[in-house]
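This report goes through selected contacts, strands and chain contacts in turn. Please keep the sequence and the 3D view open while reading.

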Amino acid sequence: MDAQATQADAGRRRDAQTAPSVAFEPTIVAFVCNWCTYTAADLAGTSRMIQKPNLRLVRMMCTGMVDPKYVIKALLSGADAVLISGCHPGDCHYINGNYKARRRVKLLKEILPQFGVDTRRVRLTWVGASEGNEFAATVNSLVEEIRELGPIETRGLKAL
Amino acid sequence: MTTTAKLDVQDNNPVAALQELMRRMLERGGVGGVLTPVHLGRGTPMPTLVTDPAELALADPLAPAFPMNGAKMLARLTKGHSGERIAAVMRPCEIRAFIELAKLNQGSLDNVLLISVDCLGAYDNTHYLRFKGADDAIQTTLGFLGKVGGGKDTARDGYDLAGACLVCEHPVAAAADVSVGLVGLDLTAALPVMAETAKGEALLAALELEDWQPREDRAEALARLVERRTQERDAMIERTAEATGTLAGLAEYLAGCVNCLNCRVACPVCYCRECVFATDVFDHKPWQYMGWARQKGMLKMPTDTVFYHLTRMAHMSTACVGCGQCSNACPNDVPVMELFRTVATRTQKGFDYEPGRSMDDPPPLSVFKEKEFEDVVSHMA
């Protein structure tokens with residue numbers, strides 16, 4: 001590859017990264033549990049349900065292992081919202097991980113609004129393994145809600 | 001009924017009276033060692049484990065100095081068996097922090113007697129040394145105390161007590177076995193030593209101090225002190241909340257942070273044996289930094305400073321006792337204590353939790369109920 005082509009290539013890449021998109025597309029990071037919501041997401045996919053493509057799924061073994069720091073990191077890195085989703089109460093594969101997750105989300109919902117982060121940006125839902133339709137509907141309504149809420153403040157902050 | 005004993009003060013010297021109390025504990029209280037601040041040189045007094053009564057001559061639990069929270073030291077002395085009982089004569093915030101550590105099995109109450117002395121506050125490290133100058137350490141403490149506990153103006157030329165102490169509404173520790181009263185009392189006459197638990201009763205009985213029915217000055221003076229400090233605290237929280245109401249505001253507030261992690265090291269309730277920020281979990285590759293820089297055209301180094309503080313809030317704010325050692329340890333004078341107390345007030349309220357009050361209150365994130373906090377769960381579909 002000659003030098004000129006490489007330079008042009010680098011320029012294009014930079015443009016792509018810095019140019020603000022015209023319409024706001026929410027980026028949502030989702031921590032989902034292997035046993036329920038991930039399986040539901042899989043079911044939604046194999047059932048060809050229509051879902052918005054704004055979610056980035058992270059499969060965890062249990063919502064009980066979603067340390068608040070990962071939620072905070074995602075939001076500070078520009079995620080417009082974080083979804084944590086696991087088994088319904090009483091259905092946890094590890095018996096009580098989802099109850100622990102609920103307390104952690106409660107904690108985050110006390111801390112984050114003090115710094116102007118809308119509590120709607122941290123969502124906890126229960127979606128069981130057979131509820132593919134429920135998962136698709138959750139994703140679609142969350143994306144629209146966050147689209148309405150607008151981009152998170154961290155996207156525009158240069159020094160964090 | 002709680003027993004109150006009389007600790008006589010000789011020569012207008014309450015520090016010597018407390019030394020006498022500790023001497024009795026070592027000699028006839030069945031106590032193998034006493035952990036308490038001792039003046040070891042010309043600097044600040046350090047928590048010291050004293051086993052020989054002769055070494056108590058420079059012990060000074062009343063010094064207006066607070067170089068570190070002794071809770072972690074006491075945790076070291078009580079995690080596992082020493083075969084002997086020890087007593088800790090400490091500040092209320094140290095005892096409260098120790099209770100939090102004991103709940104997490106990082107220390108144990110089995111072989112320890114917690115002796116809390118009414119806290120009149122302390123200067124931070126720099127200002128204590130300025131306050132003391134070249135004077136004798138014990139005389140400096142006596143000068144600070146004055147005649148009536150809490151009656152003397154603490155403000156000096158351009159400085160005052162540490163910010164944490166000025167807004168601290170816990171001049172006494174509810175979880176102590178024995179309390180020594182100072183607030184509102186004539187420090188040149190006698191001090192009340194009050195047993196708060198059965199363990200404390202047994203200790204007082206062994207010390208052979210005279211039973212006493214002191215006048216009620218302390219309760220009223222304490223209530224006044226707590227009210228004043230609570231007002232100061234609320235004003236401080238309002239100021240801090242206003243400055244940090246947005247993430248941009250928070251970033252500005254923490255702009256001086258160089259990620260030294262001193263506040264974490266100084267924090268008595270930062271309980272992780274290995275902190276995630278001391279591991280490689282958030283170590284990144286050079287190409288990742290380049291990528292992040294390109295997203296916004298620049299990248300502040302060190303990265304993750306706001307992230308670090310927010311993570312600490314999530315991990316320890318429910319246990320924060322407000323001792324202010326984070327601010328004391330900050331090399332760049334970031335007002336960390338103000339921020340953490342502001343957040344902690346809200347998170348502790350959210351879980352209806354008061355750290356350090358009692359071993360019977362479980363840390364909020366160590367328990368759960370089947371039906372609770374239903375409002376944080378969304379039902380979107």
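## Salt bridges

The side chains of B:Arg224 and B:Glu220 form a salt bridge, at 3.3 Å from N to O. A salt bridge here is a side-chain nitrogen of Lys or Arg within 4 Å of a carboxyl oxygen of Asp or Glu. The model is predicted, so local features need pLDDT of at least 70 and side-chain atom pairs count only at pLDDT 80 or more, while totals for chains, interfaces and linings use all residues. Residues are numbered from 1 along each chain as its sequence is written, chains are lettered from A and ligands numbered from 1 in the order in which they are written, and side-chain values use heavy atoms, with hydrogens and water left out.

Why are B:Arg224 and B:Glu220 separated by about one helical turn? Because they are 4 residues apart in helix 8 (residues 217-243) of chain B. Helices (H or I, at least four residues) and strands (E, at least two) are DSSP runs, numbered from the N terminus. B:Arg224 is exposed, with a relative accessible area of 52%. B:Glu220 is exposed as well, at 55%. Buried means under 20% relative accessible area, exposed over 50%, and partly exposed in between (1.4 Å probe, protein chains only).

B:Arg23 and B:Glu20 sit 3 residues apart in helix 1 (residues 14-28) of chain B, so about one helical turn separates them. B:Arg23 is partly exposed at 26% relative accessible area. B:Glu20 is also partly exposed, at 26%.

| Residue | Partner | N to O distance |
|---|---|---|
| B:Arg23 | B:Glu20 | 3.1 Å |
| B:Asp234 | B:Arg233 | 3.0 Å |
| B:Asp304 | A:Lys73 | 2.7 Å |

Over all chains, the structure holds 25 salt bridges. Side chains of opposite charge can pair when their charged atoms come close.

## Strand 4 of chain B

Is strand 4 (residues 86-90) of chain B mostly covered or mostly uncovered? It is mostly covered: 5 of its 5 residues are buried. B:Ile86, B:Ala88 and B:Met90 point one way, and B:Ala87 and B:Val89 the other. In a regular strand the side chains alternate between the two faces of the sheet.

Strand 4 of chain B pairs in the parallel sense with strand 2 (residues 33-38) of chain B, over 3 bridges. Two strands pair if DSSP finds at least two bridges between them. B:Val34 has B:Ala87 as its bridge partner in strand 4 of chain B. Strand 5 (residues 112-117) of chain B also pairs with strand 4 of chain B, again parallel, over 5 bridges. In strand 5 of chain B, B:Leu114 is the bridge partner of B:Ala88.

Chain A has an open sheet of 4 strands, in the order 2-1-3-4, with parallel pairing. Strand 2 (55-60) and strand 4 (122-126) of chain A stand at the edges, each with a single partner strand, so one side of each is left without a neighbour in the sheet. Strand 1 (residues 28-33) and strand 3 (residues 81-86) of chain A run parallel and are joined by 5 bridges. A:Ile28 has its bridge partner, A:Ala81, in strand 3 of chain A.

## A loop residue and the interface

B:Arg42 lies in the loop between strand 2 and strand 3 (46-50) of chain B. B:Arg42 counts as exposed, at 77% relative accessibility. Leaving aside neighbours within four places in sequence, B:Arg42 is in contact (heavy atoms within 4.5 Å) with B:Leu129 and B:Lys132. B:Arg42 and B:Asp135 are 93 residues apart in sequence, yet 9.2 Å apart in space, C-alpha to C-alpha.

How many residues of chain B are in contact with chain A? The count is 49, against 44 residues of chain A. Between chain B and chain A there are 3 salt bridges.
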